[in-house]
Amino acid sequence: MTSRLVGLEFDANDPVRLTRFWAGVLGREVAADGVTLLAGAKTEFAIRFLPTGEAKTEPNQMHFDLTSESLEGQQQKVAKALELGGRHIDIGQTPDDGHVVLADPEGNEFCVIEPGNNFLADTAVIGALSSDGSQAVGYFWSEALGWPLVWDQDEETAIQSPEGGSKISWGGPPVRPKTGKNRLRLDLTPGVGGDQQAEVDRLVSLGAKLSETGPGEDGSIELTDPDGNEFSVLR
């Protein structure tokens, strides 16, 4: 039994505004609740924007790498993001880099990757959830989701569903010290059989830890992975 990745929780000071921004950038439909982007394909996951009063003060542990099919398409995606309230940011990239680094209206980093990037070939609009994390956490998530490692070199790891879609990658050391709750968090559901507690027990046996917050109002159970990143197993 393995978990299924079904969603991403995304904290926002203004959830409606951020939902509209990312709907425009990703070309996704918005659910009736006004704060959830629906998965448009089998290999995609929903994105739900949740209210928070915490201001963003540090780089996120995870960011989107968006794919482009052509240079024109890359330019159009950048222009669309800027039109919707995004902005260019400098994280040390050079003029020779083919990707464009941007931030959404609340400062959440993301990259628009140049066409022809081999690592993101045959992925999705969100080519990768690019993450700060250890080799051990990459191994954990490979076991948790049943996704094979598609990269494992120099303590950098990446996994991808056998069905395709977005990769999840971790850059290896040095791993940025965690200073607070991650603004982006994965939502899982139990696999075959649907036994939430059994799946939580399995994830704990792989190295996860139960959160001290207790079950959520919706019955979800929050855990942390071996690097301390929060995620939830839904009922």
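**A walk from a loop to the core**

Glu155 is found in the loop between strand S9 and strand S10, the latter covering residues 156–160. The model is a predicted one. Although Glu155 is not a glycine, its phi is positive, at about 70 degrees.

S9 and S10 run antiparallel and are joined by four bridges. Within this pair, Leu149 stands opposite Ile159 of S10. Strands of a sheet pair through backbone hydrogen bonds, in either a parallel or an antiparallel way.

The pair belongs to an open sheet of eight strands, in the order S5-S6-S7-S4-S8-S11-S10-S9, and the pairing is mixed. S9 and strand S5 (87–88) stand at the edges with a single partner strand each, so one side of each has no neighbour in the sheet.

Strand S9, residues 149–153, also contains Val150. With a relative accessibility of 37%, Val150 counts as partly exposed. Together with Phe119 and Trp151, Val150 makes a nonpolar surface patch of about 240 Å².

Other nonpolar residues are buried. In soluble globular proteins, nonpolar side chains tend to be buried together. The largest nonpolar core here has 44 residues, of which Trp22, Ile47, Phe64, Trp141, Leu186 and Phe231 touch the most other members. Helix H1, residues 15–26, gives the most to this core, with six residues. Phe64 shows what such contacts look like: leaving aside residues up to four places away in sequence, Phe64 touches several residues, including Leu8, Phe10, Trp22, Ile47, Phe110 and Leu184.

Most residues other than glycine have a negative phi, and most peptide bonds are trans. Asp122, in the loop between strand S7 (109–112) and strand S8 (126–131), has a positive phi near 60 degrees and is not a glycine. The relative accessible area of Asp122 is 72%, so this residue is exposed. Pro174 sits in the loop between strand S11 (167–170) and strand S12 (184–189). The peptide bond that joins Pro173 and Pro174 is cis, with omega about 0 degrees.

Notes:
Residues are numbered from 1 along each chain as its sequence is written. This is a predicted model: local features need pLDDT of at least 70, side-chain atom pairs count only at pLDDT 80 or more; totals for chains, interfaces and linings use all residues. Side-chain values use heavy atoms; hydrogens and water are left out. Patches are made of residues with over 30% relative accessible area and no salt bridge: like charges are joined within 9 Å, nonpolar side chains (Val, Leu, Ile, Met, Phe, Trp, Tyr) within 5 Å. Accessible areas come from the Shrake-Rupley method with a 1.4 Å probe; for residues, only the protein chains shown count as cover. A salt bridge is a side-chain nitrogen of Lys or Arg within 4 Å of a carboxyl oxygen of Asp or Glu. Helices (H or I, at least four residues) and strands (E, at least two) are DSSP runs, numbered from the N terminus. Buried means under 20% relative accessible area, exposed over 50%, partly exposed in between (1.4 Å probe, protein chains only). A nonpolar core is a set of buried Ala, Val, Leu, Ile, Met, Phe, Trp, Tyr and Cys residues joined through side-chain atoms within 4.5 Å. Contact means heavy atoms within 4.5 Å. Two strands pair if DSSP finds at least two bridges between them.
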